[in-house]
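Okay everyone, thanks for coming. Let me put the structure up on the screen, and then I'll walk you through it.

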Amino acid sequence: MSSPSVPSWYGVAASVLLVGIAFFLVLRERLGLGREVLVAAVRAAVQLVAVGALLLVLFRHTGLPGALAWVTAMVLLAGRVAGRRAKGLPHATRVATIGVAAGAAATLGLLILARVIDTSGRVVVPVGGMVVTGAMQGASMTLQRMRDEAVTGRRAVEARLALGLAGSAAFAPHLRTSLRTALIPAIDSTKVVGLISLPGATVGLLLAGVNPLTAIRYQVVVMYMLLGAAAVAGVVAGRLAVRMMFDDAHRLRA
């Protein structure tokens, strides 16, 4: 396999023309997003350069403990993001963080213990980032749908409570609906992977000169771990959220 062709800094500068095209089209169509396009482009560059510098130090000096600390920081940030998406649910940020942590720990822990991936920082950090992203999406979508179900289905829940059901049993149909909604995107992505587009992990490995069959084998692991992380995070966040939604007398909180 030939060595990968990595864009030079000149290539990066040339790609700024693409941002210029987007900015021009936004102004031409009067979308009111010109400032957002520029801010997004600048933030992306600054954030990625900063992360690259930190990862350089991490890979050289900290090893697995530093990599796990980095993944922990990603879990905390992902929990906050997912919690904001579910604003209105009791203790949404805490519930989302616990769900993301459970999904990431179960998935990444299995991959490390089974020696599916190497324990070096340059492997654990990017794989951990993908796992945390999958877990965040599973928890976020579950909690968002639960919030909506609690509003639209409140009378149905209270009717079940009036019949003597406990809070968890009264909300069970709505929890199942929420989990189905959260998991369908991950399931559909797994079904059509490779047919519609090549995922990022495969593209990155191919650009790095890796044998296509080796790249595909790695991508299979990636798709399975994303599905597992989303499922674990969604179920854990959903179950915990149900507990938070009812008081000790099994009354649905406002």
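So, to start: how much of the accessible surface of the chain belongs to carbon and sulfur atoms? The answer is 66%, out of an accessible surface of about 15,500 Å². Keep in mind that what you're looking at is a predicted model.

Now the overall picture. We've got 10 helices here and zero strands. The C-alpha trace spans about 70 × 55 × 40 Å along its principal axes. The chain has 254 residues, and 33% of them count as buried. If you take contacts between residues at least 6 apart in sequence, 70% of them join residues at least 24 apart.

On to charges. There are 25 positive and 9 negative ones, and their mean positions sit 5 Å apart. The count of salt bridges comes to four, and I'll show you some of them.

Have a look at helix H7, residues 154-162. Glu158 pairs with Arg154 there, with the closest N and O atoms 3.1 Å apart. The two are separated by about one helical turn, because they're four residues apart in that helix. Glu158 is partly exposed at 36% relative accessibility, and Arg154 is partly exposed too, at 27%.

Next, Asp247 and Arg251: their closest N and O atoms are 2.9 Å apart. Is Asp247 buried or exposed? At 19% relative accessibility, Asp247 counts as buried, because the cut-off for that is under 20%. Arg251, on the other hand, is exposed at 55%.

And one more: Asp148 bridges to Arg147, at 3.6 Å between the closest N and O atoms. Asp148 is partly exposed, at 39%, and so is Arg147, at 22%.

Methods:
Residues are numbered from 1 along each chain as its sequence is written. This is a predicted model: local features need pLDDT of at least 70, side-chain atom pairs count only at pLDDT 80 or more; totals for chains, interfaces and linings use all residues. Side-chain values use heavy atoms; hydrogens and water are left out. Buried means under 20% relative accessible area, exposed over 50%, partly exposed in between (1.4 Å probe, protein chains only). Contact means heavy atoms within 4.5 Å. Accessible areas come from the Shrake-Rupley method with a 1.4 Å probe; for residues, only the protein chains shown count as cover. Lys and Arg count as positive and Asp and Glu as negative; His and the chain ends are not counted. The place of a charge is taken as NZ of Lys, CZ of Arg, CG of Asp or CD of Glu. A salt bridge is a side-chain nitrogen of Lys or Arg within 4 Å of a carboxyl oxygen of Asp or Glu.
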